[in-house]
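Look at the sequence and the 3D view, then work through the points.

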Number of protein chains: 2
Amino acid sequence: MMAIAMRRAAAAATHAISSANSSSILTRHLHASSGKKKIVGVFYKAHEYAEMNPNFVGCAENALGIRNWLESQGHEYIVTDDKEGPDCELEKHIPDLHVLITTPFHPAYVTAERIKKAKNLQLLLTAGIGSDHVDLQAAAAAGLTVAEVTGSNVVSVAEDELMRILILVRNFLPGHNQVISGDWNVAGIAYRAYDLEGKTVGTVGCGRIGRLLLQRLKPFGCNLLYHDRIKMESELESQIGAKFEEDLDKMLPKCDIVVVNTPLTEKTKGMFDKERISKLKKGVLIVNNARGAIMDTQAVVDGCNSGHIGGYSGDVWYPQPAPKDHPWRYMPNQAMTPHISGTTIDAQLRYAAGVKDMLENYFKGEEFPAQHYIVKEGELASQYR
Amino acid sequence: MMAIAMRRAAAAATHAISSANSSSILTRHLHASSGKKKIVGVFYKAHEYAEMNPNFVGCAENALGIRNWLESQGHEYIVTDDKEGPDCELEKHIPDLHVLITTPFHPAYVTAERIKKAKNLQLLLTAGIGSDHVDLQAAAAAGLTVAEVTGSNVVSVAEDELMRILILVRNFLPGHNQVISGDWNVAGIAYRAYDLEGKTVGTVGCGRIGRLLLQRLKPFGCNLLYHDRIKMESELESQIGAKFEEDLDKMLPKCDIVVVNTPLTEKTKGMFDKERISKLKKGVLIVNNARGAIMDTQAVVDGCNSGHIGGYSGDVWYPQPAPKDHPWRYMPNQAMTPHISGTTIDAQLRYAAGVKDMLENYFKGEEFPAQHYIVKEGELASQYR
């Protein structure tokens with residue numbers, strides 16, 4: 001709640017400042033300027049891992065593989081993982097950067113304050129999908145363009161979700177833990193291991209990732225449900241074999257497995273709170289690769305402790321990186337990882353290529369593919385409204 | 001090799017004894033006798049877990065849920081988990097039991113010696129799939145019937161294999177280990193995490209489990225290969241979308257992921273030895289839910305240590321239970337569990353029902369479904385020849 005209040009206040013402040021300066025959104029129009037640019041990228045450091053795979057382009061050291069290309073055109077390209085606090089490397093470049101490339105896997109929070117300081121900023125690119133680390137209202141008010149590499153992670157995340165569903169349903173981790181601790185106790189695994197076949201799986205949100213997940217689930221012989229603002233076209237729906245549920249709270253109590261596939265917005269923040277979780281089936285399994293803050297952190301812990309939630313898996317946390325004392329690390333029946341699903345080597349190659357394409361368009365003053373825009377000419381993309 | 005030699009010697013000895021006693025296979029013919037039977041079941045103990053799930057029928061305590069039914073008909077039903085050594089509970093009942101029910105998850109080894117001692121034995125039932133813990137040659141020579149609940153585990157194992165493929169390809173376990181140890185290092189996971197999409201997956205053996213796996217893999221957009229003695233019918237093959245590879249050693253070097261779906265026989269024992277592994281792609285991922293002894297144990301360890309094998313997962317070991325010092329517990333990039341995939345609650349309910357049906361047939365002197373027979377009238381089923 002505090003975060004929402006702060007975000008709203010910040011957006012309002014930005015509006016106020018914009019008006020006070022009499023700046024119109026056109027003063028920062030994306031394609032209005034040309035010449036040499038200062039581009040800053042914020043990615044996770046790989047240290048010893050940077051050298052271990054030539055395709056590992058997503059880390060700070062390998063910098064999306066675009067350094068030579070950018071520098072050969074005379075642009076300046078600063079890359080860092082140092083993104084927090086007033087003395088961090090990122091902060092030093094905020095006043096004069098033109099383009100900021102960030103990633104959800106190591107999010108540089110682009111606050112209204114930073115946007116205000118970034119007088120030359122024109123373009124915010126997300127290397128990956130999910131731009132909620134950017135204050136989109138403030139970006140819109142300041143006339144910035146925000147764009148993602150839409151589609152770059154969808155296969156990766158859908159695969160990862162199906163993996164996590166199977167890990168929870170089949171009770172994989174207790175078995176693996178027996179192996180590494182020298183034990184062998186089949187009963188201690190089997191008493192709560194199930195097949196996925198025949199179970200009811202519901203996805204909350206059914207955009208591209210949700211659909212790819214449902215397509216992959218189809219041969220498993222499940223009962224597939226989806227909730228979204230709009231029903232799929234009938235042909236696609238019957239091809240995928242899933243049933244539309246208009247009312248979320250009518251769908252949820254039917255589900256053995258709930259998968260969250262909706263972006264984090266002010267509407268979805270904390271949507272799985274104590275009350276909603278209490279209405280889920282006892283023993284429900286939850287997979288959330290969307291955003292950690294869609295869950296009420298403590299309600300998930302309480303549900304896992306009581307057994308009302310039979311298992312929880314996902315790669316998203318609030319905040320990120322998850323601190324050492326984040327309670328999801330220590331709750332029973334969790335199958336969590338750091339934020340990883342959309343940054344496989346395959347996904348890195350896709351989003352690096354997507355960022356390069358958009359930079360190329362930007363340098364030439366050309367439009368991006370329409371689906372990449374998150375904020376354009378003061379307007380937020382529909383999924384963030 | 002020693003085990004094979006012993007098995008052969010034992011089978012020969014049984015033949016000799018049968019001849020010496022002038023017993024024909026008909027003296028033990030399954031459907032020739034009637035009356036009250038002594039039935040012994042050997043299952044894993046569940047201890048505190050036995051009470052935790054009313055459908056947990058596969059453990060010794062819950063005894064397939066058929067005790068009341070058997071005893072109400074006057075049959076004797078002994079159930080134990082104590083199966084090893086000359087003083088074990090099973091050994092006491094060998095001389096006068098009529099039916100022995102065993103399971104691959106806690107295998108009671110039915111040796112030629114035990115078969116020789118079991119003068120009343122008529123029927124060996126496997127609660128599950130995979131009867132290689134029975135000396136099938138000796139059983140055939142002694143005129144016993146051996147039957148499994150064919151189909152009871154196929155969905156369970158196919159699902160489990162796909163889970164393990166995803167766990168290895170996406171490098172799940174290092175990420176989970178970071179979570180429980182309080183770390184956060186995306187690079188340490190991502191540098192060797194991939195999507196399954198676009199990879200080449202080959203199954204060695206393509207019976208029911210292999211086909212169910214391929215069907216579930218289809219929407220992932222992989223390149224699917226299979227090796228078996230016979231090619232599928234063209235229609236099924238094109239529906240499944242997999243390519244037949246007649247020559248195993250031509251298929252294997254093409255595979256990013258190798259899945260073993262062939263029974264353990266004298267031909268397949270140790271088939272993945274040092275030489276064959278050396279011809280696999282560097283970094284190959286191997287999933288083996290078939291039988292541990294299809295692998296050369298040390299060759300797998302060496303392959304994982306050198307990195308030639310990029311990851312190894314499966315639920316089968318040799319021997320089982322795996323001893324505390326089994327080297328697969330301690331090799332890098334393993335995602336092993338105890339033998340669990342075919343004993344989910346759903347699978348238990350299926351194989352308990354299948355065992356009950358076969359006992360019902362047996363009491364009535366009726367035939368079993370043809371596909372359940374592993375040894376019948378002195379003949380082994382084709383997959384064990």
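A residue is buried when its relative accessible area is under 20%, exposed when over 50%, and partly exposed in between (1.4 Å probe, protein chains only). At 54% relative accessibility, Lys92(B) is therefore exposed. This is a predicted model, in which local features need pLDDT of at least 70, side-chain atom pairs count only at pLDDT 80 or more, and totals for chains, interfaces and linings use all residues. Residues are numbered from 1 along each chain as its sequence is written, chains are lettered from A and ligands numbered from 1 in the order in which they are written, and side-chain values use heavy atoms, with hydrogens and water left out.

**How the two chains are related**

- Two copies of a chain are related by a rotation about an axis and a shift along it.
- Here, a rotation of 180° with 0.0 Å of shift along its axis places chain B on chain A, with an RMSD of 0.0 Å.
- The two copies are thus related as by a two-fold rotation axis.
- The superposition is by least squares on the C-alpha atoms of residues with pLDDT of at least 70 in both copies.
- Which residue of chain B comes closest to the rotation axis? That residue is Met163(B), with its C-alpha at 2.8 Å.
- Both copies use the same surface: 100% of the contact residues of chain B recur in chain A.

**The interface**

- Contact means heavy atoms within 4.5 Å. By this rule, 67 residues of chain B are in contact with 67 residues of chain A.
- Chain B and chain A bury about 5900 Å² between them, and 65% of it is on carbon and sulfur atoms. Buried area is the accessible area (1.4 Å probe) that two parts lose on being put together, summed over both.
- A polar contact is a pair of N or O atoms within 3.5 Å; within protein, one must be able to donate a hydrogen and the other to accept it, and residues adjacent in sequence count only if both atoms are side-chain atoms. Between chain B and chain A, 40 residue pairs are in polar contact (both at pLDDT 80 or more).
- Several elements of chain B give two or more residues to the side that touches chain A, including helix H7 (172-180), helix H9 (208-217) and helix H14 (345-364). Helices (H or I, at least four residues) and strands (E, at least two) are DSSP runs, numbered from the N terminus.
- H6(B) gives the most to this side, with nine residues.
- The residues on this side of chain B divide into 36 nonpolar, 17 polar and 14 charged. Ala, Val, Leu, Ile, Met, Phe, Trp, Tyr, Cys and Pro count as nonpolar, Asp, Glu, Lys and Arg as charged, and the others, Gly among them, as polar.

**Salt bridges between the chains**

- Side chains of opposite charge can pair when their charged atoms come close.
- A salt bridge is a side-chain nitrogen of Lys or Arg within 4 Å of a carboxyl oxygen of Asp or Glu.
- How many salt bridges are found over all chains? The search of the whole structure finds 43.
- Eleven salt bridges cross the interface of chain B and chain A.
- Asp346(A) and Lys199(B) meet in a salt bridge through their side chains (2.9 Å, N to O).
- A network of salt bridges links Glu159(A), Asp160(A), Arg164(A), Arg350(A), Arg170(B), Asp195(B) and Glu197(B).

**Salt bridges within a chain**

- In chain A, Glu89(A) pairs with Lys92(A) in a salt bridge, with the closest N and O atoms 3.1 Å apart. The two are three residues apart in helix H3 (residues 89-93) of chain A, so about one helical turn separates them.
- Glu89(A) is partly exposed at 25% relative accessible area, while Lys92(A) is exposed at 56%.
- Arg114(A) and Glu91(A) form a salt bridge, with their closest N and O atoms 2.9 Å apart. Arg114(A) lies in helix H4 (residues 112-117) and Glu91(A) in helix H3 of chain A, so this pair ties together parts 23 residues apart in sequence.
- Are Arg114(A) and Glu91(A) buried or exposed? Both are buried.
- In chain B, Lys92(B) forms a salt bridge with Glu89(B), the closest N and O atoms being 3.1 Å apart. Glu89(B) is partly exposed, at 25% relative accessible area.

- Thr203(B) sits in strand S6 (residues 200-204) of chain B. Thr203(B) is buried, with a relative accessible area of 2%.
- The side chains of Thr203(B) and Asn261(B) are joined by a polar contact of 3.0 Å.
- Beyond its neighbours within four places in sequence, Thr203(B) is in contact with residues including Gly210(B), Leu225(B), His227(B) and Met251(B).
- Glu275(A) is in helix H12 (residues 274-278) of chain A. Glu275(A) counts as exposed, at 52% relative accessibility.
- Glu275(A) and Ala299(A) are 24 residues apart along the chain, and their C-alpha atoms are separated by 8.7 Å.
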